[in-house]
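Hi,

Here is the structure I promised. Please open it alongside this note. My findings follow below.

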Amino acid sequence: MRIEVHVHGNIPLRAGVTQAQVEAALKPWLEYIDEDSLADARSVYEDEPGIVFDSREKLLELCWTGDVGRAFREAIESALQGLNPYTERAAEIEVTYYHDDGQDEFGIVFVGPTAEAIHEAQRQAMIEDVSGILARQFGESEIGEVVAQLNQLFQRTAPGAGRATQSTMPATSPSNRRRLH
């Protein structure tokens, strides 16, 4: 069974990273979609750039949609994990699966130069998300209490605290929205 997936985000790369290194890191993804290079990895939608390596800006831009099967999740996570040594700082990549029944499955894969950088990016993303939701009902004082609790939780789960960081945060929601950035 095929399903449409959209991968979106920008990954800041270290100076001197080459397209060949990026393609080698993304090999699981490229092999999955049966392409040899980034230039061949086009999105099914013409208005999306696909997978673009910009050596001048030291950036890998991902805005790619394709039809995939069940094994894609492993391929994309392996490919993005392969980019970790080439990243300048942590970044989050959105991966959205559009199911035929209207249930969209949204996940975030974090990439970064170290486990600590990824963990910090996860912490910041969580605080932004939770603070935004809480702001609908509560003031800064109440939000600050929850943020303090989140900071404690993240301290306990820090890479040096004996627990590995998780790379994805999947969620499923009903939606008729497609390809929103």
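Predicted model: local features only at pLDDT ≥ 70, side-chain atom pairs only at ≥ 80, totals over all residues.

The pairing first. β1 and β4 run antiparallel, joined by 5 bridges. β1 also pairs with β3, again antiparallel, through 10 bridges. Within β3, Asp 67 is the residue opposite Glu 4. β1 is largely enclosed by the rest of the structure, because 8 of its 10 residues are buried.

Next, the overall layout. The protein chain has 5 helices and 6 strands. Their order along the sequence is β-α-α-β-β-α-β-β-α-α-β. Take the contacts between residues at least 6 apart in sequence: 68% of them join residues at least 24 apart.

Now the core. The largest nonpolar core holds 32 residues. Leu 26, Trp 29 and Leu 60 have the most contacts inside it. Several elements supply at least two residues each, among them β1 (3-12), α2 (27-32), β3 (59-68) and α3 (72-82). In soluble globular proteins, nonpolar side chains tend to be buried together.

Trp 29 deserves a look in your viewer. Leaving out residues up to four places away in sequence, Trp 29 touches Val 7, Ile 51, Leu 62, Trp 64, Phe 72, Ala 75, Ile 76 and Ala 79.

Last, burial and surface. Of the 181 residues in the protein chain, 39% are buried. The chain exposes about 10500 Å². Carbon and sulfur atoms supply 47% of that area.

Best wishes

Key
Residues numbered from 1 in each chain as written. Heavy atoms only, no water. Core = buried A, V, L, I, M, F, W, Y, C linked by side-chain atoms within 4.5 Å. Buried < 20%, exposed > 50% of the residue type's maximum accessible area, 1.4 Å probe, protein only. Helix = DSSP H or I, 4+ residues; strand = E, 2+ residues; numbered from the N terminus. Contact = heavy atoms within 4.5 Å. Areas by Shrake-Rupley, 256 points an atom, 1.4 Å probe, with all protein chains shown as cover. Pairing = 2+ DSSP bridges.
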